Amino acid sequence: MNKQELIKEVKEIGIHGLNMFGAVVKGIPTKTAIDLIKQLDEPQPVKVKKFVADWYEEHKDEFEYNVWDWLSSKSESGKIDSKFAFWLNDVDNTPIQTLVNMHQFGYEVEKEKRYLVKIKATKHYIAKDGIGKIFFSLAYKESFTKKELEEAGFGWVFDCPGIEIEEVE
């Protein structure tokens, strides 16, 4: 329950009530008020992508200055094509509000989706050995993020009809 919902709830209870003797009194019973206040939401940490958390961690010590500096000099080399720049320029993200909320309430990094990748015809899965080399296996199943697959040259699996992609936790 947020602050506005609490106000609405208190108004619905009414300004006037009856006490146990049938007399009209102003206000609401203390226990009812306390029960409603306990339902108020605590600020929750903001969920952000890893690159946003990385930027924040690098710049949180002088947060206000660093946000201003980024915005005022975002056309500098190295900033234009960064993921953070694209995120910051997308107003649907409410990026400034998100950064401020991170600073006030903390944050959590969103878990990236993971995928099992199977070749339909042979039932082989993509897996990784102990040194990071990717191979095809009938015995082992391993999940990968989209980024891991793309970096290993397997980004094409998402567009291939002969591949079965299963999203896993």
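Predicted model: local features only at pLDDT ≥ 70, side-chain atom pairs only at ≥ 80, totals over all residues.
Residues are numbered from 1 along each chain as its sequence is written, and side-chain values use heavy atoms, without hydrogens and water.

Helices are DSSP runs of H or I, at least four residues; strands are runs of E, at least two; both are numbered from the N terminus. In α4 (63-72), Phe 63, Asn 66, Val 67 and Trp 70 are buried, that is, under 20% relative accessible area. Seen down the axis, they fall within an arc of 100 degrees (directions from the axis to the C-beta atoms), so they line one face of the helix. Their cover includes α3, α5 (83-89) and α6.

α3 and α6 also pack together, at about 60 degrees with axes 11 Å apart. Axes are lines fitted to C-alpha atoms over the stretch in contact; angles run from 0 to 180 degrees between N-to-C directions. Contact means heavy atoms within 4.5 Å.

| Helix | Residues | Contact residues |
|---|---|---|
| α3 | 50-59 | Val 52, Ala 53, Trp 55, Tyr 56 |
| α6 | 95-105 | Leu 99, Met 102, His 103 |

Two loop residues follow. Lys 123 lies between β5 (114-119) and β6 (125-128). Its phi is near 65 degrees, a positive value in a non-glycine residue. Ser 143 lies between β7 (134-137) and β8 (144-145). Ser 143 is buried, at 18% relative accessible area.

Key. Buried < 20%, exposed > 50% of the residue type's maximum accessible area, 1.4 Å probe, protein only.
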